[in-house]
Amino acid sequence: MERTPEKVPKKFNSRMQARLLLVFCVITVLLLGLIGRLIYINQTNGDRYTKQVLSRQSYVSSVLPYKRGDILDRNGTVLARSELQYRLILDPKQLLENEDCIAPTIEALEKNFNIKAETIQTILQDKDKQNSQYVIVEKNLKYEDVQTYKTTTEDDEKVLGVWFEEEYVRTYPYKSLACDVIGFTSTDNTGYFGIEEYYNDELNGVNGREYGYYDASLNIDRTVKEAENGDSIVSTIDANVQRIIQEHIIAFNTEFGSKSIGVLVMNPNTGEIIAMASNQEYNLNSPRSLKGIVPADELATMTDEQKTEALNTLWKNDVISSGFEPGSTFKPVTVAAALEEGLLTEKDTFYCDGGEEVGGSYIRCSKIVGHGKLALGEALMYSCNDALMQIAAVEGKDIFHKYQKSLGFGSKTGIDLPGEEAGIIIALDKLNSTELATSSFGQSFNTTMIQLAAAYSSLVNGGYYYQPHVVKEIVNDKGATIKTYDNLLVRQTASETTSEFLQKYLYQTVETGTAKGAQVEGYAVGGKTGTAQKYPREAKTYVVSFVGQVPAINPEMVIYVMIDEPQNVVKQADSSIATKLASRILTEILPALGIYPEGEINYLLPTEDEIANSQGAESNNADVLGYTTKEESDNQAAESTTGETGTTEGTTGTTEGTTGTTEGTTGTAEGTTGTTEGTTGTTEGTTGTTEGTTGTAE
Ligand SMILES: [Zn+2]
């Protein structure tokens, strides 16, 4: 029999019901308690917990910009500095989420920064910006203004959605002053040209950083790594002298005009550059603007490429980057080589008959009829090409080339500026007799202004070649000197005796020779003029120049003035326009450099015996250069009495002068073209050839 299980009915008795009710009640109470606690927490500490959760996502990190170092002149005048400024950033999203804050925020911005209400309204209405949290509203705000705003709005909860970013802005208080030496920077602190580029690494520092999380009390728990500021550069430039030469360059171009002008002032005893400028100047605060530099109508039609080209020309430092034939300013080098090698002495004489037949070409002296008999010093004083060619012939190409190189021609000086060019000299194996002859008086090779000034400095300072430089020292942001550049002697190029000889005769060149125009009342000025005919020779265009030292003996400064194609002058091939400009500049800068007049100076003049011994020179007293302004040339012509006929001996030069006006009669005749056309000098390091070296310099 199968037994069916007994069904026992389960009874939901009252005891069970009571237990269930109890459980229900307990749970309800607990739930209510929990809800209550949550409400309480939310009301009292809601923000805190919200932020605690949020903060896990909002890691705080911001860049603390370093300050780029200043650039100062030699006396501490600030030429370039980085100013701390602020950018005002608006958070439109936050502001739009808190509409009641919009009006008070706009009011605060208007009151503190003069930001118009419409400016903010426009941003808030802009669909592209409404969701943004970063809109730059204002730049270049000053520290004080930002601090005032922060203090006044600190406790105002209705002002929000505004914050500030720090940035350093590079400014140049003197605008175009020393623009070629200083250079400029882009907004990311990259230097372009000048000291800004060459010393970019020293000037720049390392950004700092601020980072952290919100702590439990909603403050940011910050960790700050301070920025390391850049070092400052103390340059060798004298801002005052720099200003004077820039003013004179502008004044010269207004009065006469030229294709270009360069002026360089340096200390021959250290290699320090005191001032350096060309006619191409620009405002360092707006280096990419051609406004006011290129005529407006021309600017409007320029392509981007043309603009870039124009800017590159503008930024280039011609004094170190542009090569040209120096002409007679080079002659002291040729003379120094002969003295140093003991090939000639002060007593040696030369006879100039107006030119030399060299290597199949007839190369003329500037004085067509010849200087006659000249002593070594007089060859310099009267700038006789014939004598110089004879001196170079005595030296031979090896010695000549050796001194050309040891005085720095054909290689960079190493000046601490970017963009220096090396110039071009004729390689030794290509230096045939014709090139040697024309090189002796500064033709058929190329130099930059800085090369010639550095070489000249070494010849008049006792024979020491210093590396030219524009920086004196580097100091850190605490003001401590970390590097100095005060011993940049490179080598000895000549002996004291040779240097003394040159100082003496360069003084006489200014006192009684071809550089009279460079005289400055009360000072003993020494120096040498140069006139070099440019290529193509047929164009009859010239570079005229003057390089000189003051005082003439134991000089404290060297000046070099170069004028490329002077305009509105009677004769372009007349270096007196360069001596005139040099004299004007010297008159102002010498006192500024603390070099004061010595009074009546005659202790360096030649003795009567010396004068008696120099018949050749005496016959050329009418030879000294006059002036080149139109009105003055008339006087000059009237004074010319010798009436010498400038014969041209198979040259293409015309013989203006037979009538007793300027060229032939005064004997300078630099304008008459030379004759050695066709001599070709292949040059070192480049494929450039020099065609048609000519004897045109004075
Ligand atoms: Zn001569």
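## Strand S11 and its partners

Strand S11 (residues 260-266) pairs with strand S23 (residues 557-564) in the antiparallel sense over seven bridges; strands here are DSSP E runs of at least two residues, numbered from the N terminus, and two strands pair if DSSP finds at least two bridges between them. Within this pairing, Gly262 has Met562 of S23 as its bridge partner. S11 also runs antiparallel to strand S12 (residues 273-278), joined to S12 by five bridges. There, Gly262 stands opposite Ser278. The hairpin of S11 and S12 has six residues between the strands, and Gly271 takes a positive phi near 85° in this hairpin.

How is S11 placed relative to the rest of the structure? Six of its seven residues are buried, so S11 is largely enclosed by the rest of the structure. A residue is buried if 20 or more other C-beta atoms lie within 10 Å of its own, exposed if 12 or fewer, and partly exposed in between, with C-beta atoms placed from the backbone.

## About the model

This is a predicted model, in which local features need pLDDT of at least 70 and side-chain atom pairs count only at pLDDT 80 or more, while totals for chains, interfaces and linings use all residues. Residues are numbered from 1 along each chain as its sequence is written.

The protein holds 23 helices and 25 strands, with helices being DSSP H or I runs of at least four residues. Of its 698 residues, 45% count as buried.

## Helices H15 and H16

Now to a helix pair. The axes of helix H15 (residues 385-406) and helix H16 (residues 433-440) come within 9 Å and cross at roughly 115°; axes are lines fitted to C-alpha atoms over the stretch in contact, and angles run from 0 to 180 degrees between N-to-C directions. On the H15 side the contact is made by Leu388, Met389, Ile391, Ala392, Lys397 and Phe400, and on the H16 side by Leu436, Ala437, Ser439 and Ser440. Residues are in contact if their C-beta atoms, placed from the backbone, lie within 7 Å.

Helix H11 (residues 304-315) is hardly covered: one of its twelve residues is buried. H11 reaches 16 Å from its first C-alpha to its last, close to the 16 Å expected at 1.5 Å a residue, where the expected span is 1.5 Å times one less than the number of residues.

Thr119 is found in helix H4 (residues 117-125). Thr119 counts as partly exposed because it has 15 C-beta neighbours inside 10 Å.

Methods: Contact = placed C-beta atoms within 7 Å.
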